[in-house]
Amino acid sequence: MTQLKPDLKIGEGHFRECYTVKDEPALCIKMLKKNLTFLQRLHLNLLRRKMNEDEYNTYHQLPASLKPYFNPIVSVSRNFVVTSRPMDYDGSFSLSVTDYGKITNIYFWKEVEKVVALFEKHNLWFLDAFQLGSNVFVQRMSEDHWKPIIIDYKRHGWKSYPLQLNLLWDSQKKKKFYRKYHRFVKSFKG
Ligand SMILES: Nc1ncnc2c1ncn2[C@@H]1O[C@H](COP(=O)(O)OP(=O)(O)OP(=O)(O)O)[C@@H](O)[C@H]1O
Ligand SMILES: [Mg+2]
């Protein structure tokens, strides 16, 4: 990231803040927050020291069929990731599902079902993909064809939820995934 300069803050989650990159509109930088709580630091230091690297590796190890639905990470260090900033067909920046509120586009929901079928096929349970609507963006490929782009996929096991030892089992991850997924559909399907 030697030449990449973080510019405007465009979002934040529990662990990271997201910035535009000066003179690189197609990229953004997600950096660990400076004001993490004591418990968050403990969590990161004990179990998620490589949180950003893990997310980078996750992207690069995804089955080819799933890659188009995940926002690419282009480079990484312990404290940040450099990722794409999804854009719509008309050149505007894509928005999150939360920004849309309700989504009525039928292709979008067909694509979401396709993603979930692929998670089933590969036994991959991304526990934060359908966490409310802030980790999924809506990329408008054309006026009619909208598709989901998952921009945050760092949680897929008990290390992300250290008090939930049941997540050592795939069956329990799957159960948690579907609980969140059903809530996602209920909240945002218009
Ligand atoms: N590629 C992106 N393009 C545009 N905005 C983004 C992108 N990545 C992240 N953001 C914005 O920054 C916010 C925080 O990013 P992210 O969800 O990765 O952080 P986090 O701290 O890991 O989240 P969580 O609270 O889910 O653990 C997102 O909710 C979104 O608003
Ligand atoms: Mg997030």
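1. **Ground rules.** This is a predicted model, in which local features need pLDDT of at least 70, side-chain atom pairs count only at pLDDT 80 or more, and totals for chains, interfaces and linings use all residues. Residues are numbered from 1 along each chain as its sequence is written, while chains are lettered from A and ligands numbered from 1 in the order in which they are written.

2. **The ligand shell.** Ligand 1 is surrounded by 22 residues, with Gly11, Gly13, His14, Cys18 and Asp152 the closest (a residue is near a molecule if its C-beta atom, placed from the backbone, lies within 6 Å of it). Two or more shell residues come from each of β1 (6–12), β2 (16–21) and β3 (24–32), and β1 gives the most, with three. Helices here are DSSP runs of H or I with at least four residues, strands are runs of E with at least two, and both are numbered from the N terminus. By type, the shell divides into six nonpolar, nine polar and seven charged residues (Ala, Val, Leu, Ile, Met, Phe, Trp, Tyr, Cys and Pro count as nonpolar, Asp, Glu, Lys and Arg as charged, and the others, Gly among them, as polar).

3. **Aspartate 152.** This member of the shell sits in the loop between β8 (146–150) and α5. Is Asp152 buried or exposed? Aspartate 152 is buried, because 23 other C-beta atoms lie within 10 Å (buried means 20 or more other C-beta atoms within 10 Å of the residue's own, exposed 12 or fewer, and partly exposed in between, with C-beta atoms placed from the backbone). Leaving aside residues up to four places away in sequence, Asp152 touches Gly13, Asp128 and Asn135 (contact means C-beta atoms, placed from the backbone, within 7 Å).

4. **Helix α5.** Residues 170–188 form this helix of 19 residues, which reaches 27 Å from its first C-alpha to its last, close to the 27 Å expected at 1.5 Å a residue (the expected span is 1.5 Å times one less than the number of residues). Lys173, Phe177 and Phe188 are its buried residues. They cover an arc of only 30° around the axis, so they sit on the same side of α5 (the arc is that of the directions from the helix axis to the C-beta atoms). These buried residues pack against α3 (97–100), and the face turned away from them carries exposed Ser171, Arg179, His182 and Lys186.

5. **Helix α2.** Met51, Asn52, Glu55, Tyr56 and Tyr59 are the buried residues of α2. Viewed down the helix axis, they fall within an arc of 140° and therefore line one face of α2. Their packing partners are α1 (38–46), β4 and β5. His60 and Gln61 are exposed on the other side of α2.

6. **The nonpolar core.** The largest nonpolar core has 32 residues, of which Ile29 and Phe126 touch the most other members (such a core is a set of buried Ala, Val, Leu, Ile, Met, Phe, Trp, Tyr and Cys residues joined through C-beta atoms within 7 Å). Elements that each supply at least two residues of this core include β2, β3, α2 (51–61), β4 (73–76) and β5 (80–84). Not counting residues up to four places away in sequence, Ile29 touches Leu4, Pro6, Tyr19, Val21, Phe80 and Val82.

7. Most residues other than glycine have a negative phi. Asp23 lies in the loop between β2 and β3 and is exposed, with 10 other C-beta atoms within 10 Å. Leu132, also not a glycine, has a positive phi of about 45°. Leu132 belongs to the loop between α4 and β7 and counts as partly exposed, with 15 C-beta neighbours inside 10 Å.

8. **Phenylalanine 15.** Which residues does Phe15 touch, not counting residues up to four places away in sequence? They are Leu32, Lys33, Leu36 and Gln40. Phe15 is in the loop between β1 and β2 and is partly exposed, with 18 other C-beta atoms within 10 Å.

Technical notes:
Contact = placed C-beta atoms within 7 Å.
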